[in-house]
2 protein chains.
Amino acid sequence: MAKIAIMGHGTLGSGLAEVARVNRESIASKLGEEVEVKYILDIREFPDSPYADRFVKDFSVIENDPEVEVVVETIGGTKVAQEFTRRALLAGKHVVTANKELVATYGKDLLAIAAEKNVNYLFEASVGGAIPLLRPLFQCMAGNQIEEIAGILNGTTNYILTRMVQDGASFADALKEAQAKGYAEADPTADVEGIDAGRKICILSNLAWGKEVAPANVRMVGISALDLKDVDIAASAGYRVKLLGHAMRMADGKVAAYVAPHLVPESSPLSTVDDVFNACLIRGNAADEVMFYGRGAGSPPLPR
Amino acid sequence: MAKIAIMGHGTLGSGLAEVARVNRESIASKLGEEVEVKYILDIREFPDSPYADRFVKDFSVIENDPEVEVVVETIGGTKVAQEFTRRALLAGKHVVTANKELVATYGKDLLAIAAEKNVNYLFEASVGGAIPLLRPLFQCMAGNQIEEIAGILNGTTNYILTRMVQDGASFADALKEAQAKGYAEADPTADVEGIDAGRKICILSNLAWGKEVAPANVRMVGISALDLKDVDIAASAGYRVKLLGHAMRMADGKVAAYVAPHLVPESSPLSTVDDVFNACLIRGNAADEVMFYGRGAGSPPLPR
C-alpha cells in the first residue's frame, strides 16, 4: 500500500483524487500495490467529498507522517507551493507536480534537494497536461541528439486562435468566450502574452539538452497584438497562425528558445491541432520528427 | 561502460550501430556511462564499416561473453531470432528488439524467461518505429483505465492509401511504387493484408490490458480489396480511408481487437497522418485522447 498526500483541491487536485478513486483497481494491478490518498491539504471544507475525512489544513501533518511516501503538489504559484515542496523533499518524500511556474523558476534547486535526499521530483504534468511528454523526451528518446522542439503548449491561446480562424472572431471576443468557458483566467496575461508557454519551453529545453534555460532569458511574444487580418492573410497563403514555444540546438552547441506566433504550413501536423489541444513536435537526429498530442488541461472525462 | 551486441546488420541493425557511433557522447551524458558496441552478428562481411573489427558469425561468442550486458535483436522473423533471444535471456542478458512478429507470437514466453532471469525483454521499437509509444502507454498512462486504441500502425499501407487519395493511383500502381521506393517488400502480403498491423495491435492490447491477445484471435482485413471508388466516395463525404489496428475494452472487461480499413473523419488527428508516417491514438478515462505520431520505419536521418 503506497500512501500519498495531495496538496490543493482545485480542478487539478480534485481531478487527481477522483482518478485515484475510480481507477484504484487498475492502478493497483499495474503498480503491484494499492495507492491510498491519506491526506488532502486545503484551507476549505469539502463535507460532500468521498474524501471528506482525509482533509487537513496543516501541512506539518503530512510533513511529519512517515507513512506518506509521495506528495502531489497542485497548489500552483511559487510561494506556498515552493515552501511545501522544499519541506516535503527534505522530509524524504517524493514530490509530483504540474506546477510549470515553480519547475521553470526553481526546478534546478528543487531537483538538487531531491537528489541529496535520494527522492524524486517529478513534473510530467507541468507541460502538455495529461500527454506523456517529458519522460518520452528524456528517457525514450535518449538515443537521439535532440535538434528542435516546437510545441503548441498553451491551450487558452490555441482556443482563441482557433475561434479567430474558424469563426472570424476578433481577439477580444475570442478571449471573452474563453473566459466564459473557464479556459482563460480573469487576468489572462500569463497565457496571452506567451509567459505560460515560455515556462514550458524552458522545462522542455532543460530536459532535452541538460542546460539551464531560465524564463528570464527567453523572449516571449504572445498573441494579444494579432488581429483577424493576420490570420486571414496566413490562411490565404496556406498557413495557420499558431503560438509556438520553440527551441533548437545551434551549431555551437548553445540552445535558442523563444515563444512567438508562427506561420505553420497546413502540411505540418501542428496545423490541425485546434481548440484547447496541445501538441509538441520533437526532432531528433535518429527518430526524425515525432509528435505528442492531447488535451493540455481540464478535468478528466471519468468515470466509466 | 555498457557493452552491447547487435544481432543483424540490415537497415535496422546498421542504423542502430550508426546512432550509437554518432550520438556516443550525447548518449553517455544522458546514461551516465558510455555504450560500446562490442559485437555485431551477421553472416555477411562488412570490411568498410567503422565496426569492421567487431563482426562475428557465431552467436555463442556473444552468448558466452559475460561483458555483454545487452543484446539487440534485429534479425527479424521467429526462427533464428527466437532461438538467439531465448539463449541470450537465459545467459542473463537484457534483450532489446523491434521484432513485432516474435513479440506478438512468443512475447509471453520470452517475458517469462526474462522475469525468471531477472533481466529485461524490451520491445519499444516493435510498434511505431522510433515513436515512443509502449512505455508511454504502459508507464506514463498507468493512472488511466485504457478504453480504446486506434492506430495507423503500418507505413506501407498508409503510403499506398495516401497515393490513392492524393494522386488517384490504383491500388496496384501504388503498391508497385511503394515497392520501387523500398517501402514494400517483394512479397507484400503481411503489410497489405493487415497482418503486420495485427501483430502490433496485439502487442499494444497486451500492454494496455494485461491480457494475452494472440494474432490468431484477431480478425485482420487489409487494403488489397479497396479500389479508387471507395476512397473517392469516402473523400466526398468528408472521410479518409485509413487502415487501423483497433482495440477496445468492452463493458464485460474483455478486449476486442481487429484490423480493418476505417472511414476516419477529417476532424480526427489520424486523418492527416499520410505517407509512411504512423500514429496511434490512445483513449484513457483520465487523459482522454492522446496521440503519438512519427516515422514508423526507415533509416535515421543522421548525422549531424
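This report looks at how two chains are arranged and at the spaces found in the structure.

## Ground rules

This is a predicted model, where local features need pLDDT of at least 70, side-chain atom pairs count only at pLDDT 80 or more, and totals for chains, interfaces and linings use all residues. Residues are numbered from 1 along each chain as its sequence is written, chains are lettered from A and ligands numbered from 1 in the order written, and side-chain values use heavy atoms, leaving out hydrogens and water.

## Two copies, one axis

Searching the whole structure for cavities of 30 Å³ or more turns up one. A cavity is a set of points on a 1 Å grid over the protein atoms alone where a 1.4 Å probe fits but cannot get out, and lining residues have an atom within 4 Å of a point. The largest cavity holds about 50 Å³ of space, taken as the space filled by probe spheres set on the points, which are joined across faces, edges and corners.

Its lining includes Tyr293(A) and Tyr293(B), and by class has eight nonpolar, two polar and no charged residues (Ala, Val, Leu, Ile, Met, Phe, Trp, Tyr, Cys and Pro count as nonpolar, Asp, Glu, Lys and Arg as charged, the others as polar).

Technical notes: 1 Å grid on protein atoms, 1.4 Å probe; cavity = no way out; pocket = protein on both sides within 12 Å on 5 of 7 lines; lining within 4 Å.
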